[in-house]
Structures are given as structure tokens and as C-alpha cells.
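Visitor: I have a chain on the screen and would like to talk it through. Can we start with the overall picture and then go to the details?

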Amino acid sequence: MKYYLGIVLFIASTLSLMAADWGKTGHRVIGLVAQQHLTPKTAQAVSALLEGQSLAFVSTYADEIRSDSRYRHFAPWHYVNLPLDKKYGEVPPNPKGDVIHAIKTCLGVLKSPDANNEDKAFHLRMLVHFVGDLHQPMHVGRAEDKGGNDIAVYWFGKKSNLHRLWDSDLIDHYQMSYTELAQNLPNYGQDQHKDIAQAPLLSWAEESQKHAKHIYAQTEPNQRLGYKYHYQYFGIVRDRLHKAGLRLAAVLNQIFDS
């Protein structure tokens with residue numbers, strides 16, 4: 001009995017690691033940043049659809065529904081696997097969908113005059129999460145190692161993996177709440193802010209893939225990582241969170257206050 005219980009716990013733990021993306025703190029940072037950059041008209045429309053819930057609150061919804069079998073078909077929508085030398089569109093897409101397909105689908109529903117408010121609210125919750133996922137570099141990682149899930153590393157002496165390191169370990173080590181972290185993101189000038197917000201969807205993936213290439217090149221399997229790695233890479237985490245929030249706000253403003 002103990003043997004089978006051990007297997008169940010191991011499988012549950014493994015699935016938990018594979019399902020992570022930015023962790024709750026990272027996704028909430030993105031939601032809060034986006035909320036702060038909505039126009040009044042957009043903020044009112046979003047609040048109405050979400051029945052007063054904030055973008056930060058709903059940002060983890062797409063992960064929370066994973067335990068419900070009715071939503072399992074959304075699992076591939078959290079990432080896109082690409083060879084490091086290929087861009088999106090240069091290889092056959094996953095027939096079950098990917099994160100870029102997911103974002104386009106959500107935007108289509110939100111723009112549709114035929115979609116009801118219930119469908120729009122659902123896809124808005126999903127959109128908040130998926131925009132965040134696309135900005136996590138390892139969500140545009142290689143298929144052969146499951147976006148770094150199969151690359152074991154040690155984080156301050158504890159076993160982790162490359163995907164989890166970028167999902168949550170780097171953020172959790174900083175020990176800031178999502179509100180504190182949102183207040184301490186990189187400063188962008190007005191022109192840079194505009195360029196970031198207006199960047200097309202595929203460029204978001206290309207940015208993440210560029211970072212993923214560097215991460216793969218600089219991280220060895222079973223490598224012991226800690227303060228130096230955090231010092232070198234946490235700036236990228238902060239930059240990706242900020243850009244995701246600004247771009248989420250931009251697409252929502254375009255939909256609800258164009």
C-alpha cells in the first residue's frame with residue numbers, strides 16, 4: 001500500500017512541477033501591472049465582465065482549472081515548443097494548440113459581437129494567464145526536454161529543474177509580495193513604453209525564445225545554482241513580467257477602448 005501511495009505522490013509532484021508557469025506571484029504581478037495601465041473605459045468593461053475581480057486575482061485561473069477534467073484540453077495552450085533555430089510558423093504547429101493559438105482565440109472571443117458575457121469572462125481570465133505564459137522564456141523552450149522540465153538543477157542545494165527555476169524559484173527567492181514586486185520593475189521611458197506595448201504578438205515569442213537560447217547555453221544539467229545565478233538573471237525576470245503586463249493592458253485597451 002505504501003509503495004502505491006508513493007507512486008501516486010511522485011506522479012502528483014511531477015505533474016505539479018510540469019504545470020507551473022511564473023508561479024502565482026509572477027502572474028499576479030503581470031495582472032496588477034496591466035490593471036494599472038487600463039484606460040477608465042477598459043477598466044470599467046473588464047470589471048463588469050469579471051464581476052469586480054481584478055486582473056491579478058484572475059491571473060491564476062487557467063492553472064486552477066487544470067484539476068478539472070473538463071479543461072484538460074487546454075493544457076498545451078500554456079506553451080509552445082520550438083527548435084532553437086526555428087521561429088513560430090517555420091515548423092508544423094501542435095494540432096492541439098499552443099500559447100500563441102490560445103491568445104489569438106481569447107482575443108477573437110473578446111472581440112466577437114456574438115459571444116456572450118460568460119464566454120468573454122472565461123476567455124478574459126484565460127488571456128491574462130496566457131499572455132504571462134508567453135513571456136516566460138522556458139515556455140518557448142525545446143520539446144525534447146519539455147521546456148526545461150527534464151533538466152535537473154540544484155537551487156540553493158535543493159533539487160529543482162530549469163523550467164521550475166524560471167517559473168517560481170527565482171521569484172520566490174526574492175521574497176517580495178506581488179504588489180511589492182510590481183512596484184519595483186524596470187523603468188521605461190515613454191518611447192520605450194510605447195514600443196513595448198505595440199510590439200506584435202509573434203515578437204513576444206521571439207523575445208522569449210532568445211532568452212531561452214541563452215538560458216540553455218549557460219545552464220548545465222545538475223548544476224548547483226544560487227546567489228550568482230539570481231544576480232545575473234533576475235533582471236530578465238523583472239523585464240519579462242513588466243513587458244507582459246504592459247502588453248496585456250495594450251490589447252485590452254484596444255478591444256474595449258479603441
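**Surface, fold and a few residues**

Guide: The chain exposes about 13,500 Å², and carbon and sulfur atoms supply 52% of that area. Accessible areas come from the Shrake-Rupley method with a 1.4 Å probe, and for residues only the protein chains shown count as cover. This is a predicted model, where local features need pLDDT of at least 70, side-chain atom pairs count only at pLDDT 80 or more, and totals for chains, interfaces and linings use all residues. Residues are numbered from 1 along each chain as its sequence is written, and side-chain values use heavy atoms, with hydrogens and water left out.

Visitor: How many helices and strands does the chain have?

Guide: The chain has 12 helices and three strands. Helices (H or I, at least four residues) and strands (E, at least two) are DSSP runs, numbered from the N terminus.

Visitor: And what is the radius of gyration?

Guide: It is 18 Å, close to the 18 Å that the globule rule gives for 258 residues, so the chain is as compact as a globular protein of that length. The radius is taken over C-alpha atoms, and the rule is 2.2 Å times the number of residues to the power 0.38.

Visitor: What share of the residues is buried?

Guide: Buried residues make up 47% of the 258. Buried means under 20% relative accessible area, exposed over 50%, and partly exposed in between (1.4 Å probe, protein chains only).

Visitor: Now the strands. In what order do they form the sheet?

Guide: The order is β2-β1-β3, in an open sheet with mixed pairing. β2 (158–161) and β3 (223–225) are at the edges with a single partner strand each, so one side of each has no neighbour in the sheet. Two strands pair if DSSP finds at least two bridges between them.

Visitor: In which sense do β1 and β2 pair?

Guide: Strand β1 (residues 152–155) pairs with β2 in the antiparallel sense, over four bridges. W155 stands opposite K158 in β2.

Visitor: Which helix packs on the sheet?

Guide: α8 does, touching β1, β2 and β3, and its direction makes about 125° with that of β2. Axes are lines fitted to C-alpha atoms, for helices over the stretch in contact, and angles run from 0 to 180 degrees between N-to-C directions.

Visitor: Switching to α11, how far apart are its end C-alpha atoms?

Guide: They are 27 Å apart, which agrees with the 26 Å that the 18 residues of α11 (residues 201–218) should span at 1.5 Å a residue. The expected span is 1.5 Å times one less than the number of residues. Buried residues of α11 include W204, Q209 and Y216. The buried residues of this helix pack against α6 (99–111), α7, α8 and α12.

Visitor: K243 is in helix α12. Is K243 buried or exposed?

Guide: K243 counts as buried, at 15% relative accessibility. Leaving out residues up to four places away in sequence, K243 touches H135, Y188, I196 and E207. Contact means heavy atoms within 4.5 Å.

Visitor: One more. Where is F156, and what is its phi?

Guide: F156 is in the loop between β1 and β2. Its phi is near 50°, a positive value in a residue other than glycine. Most residues other than glycine have a negative phi. F156 is partly exposed, with a relative accessible area of 32%.
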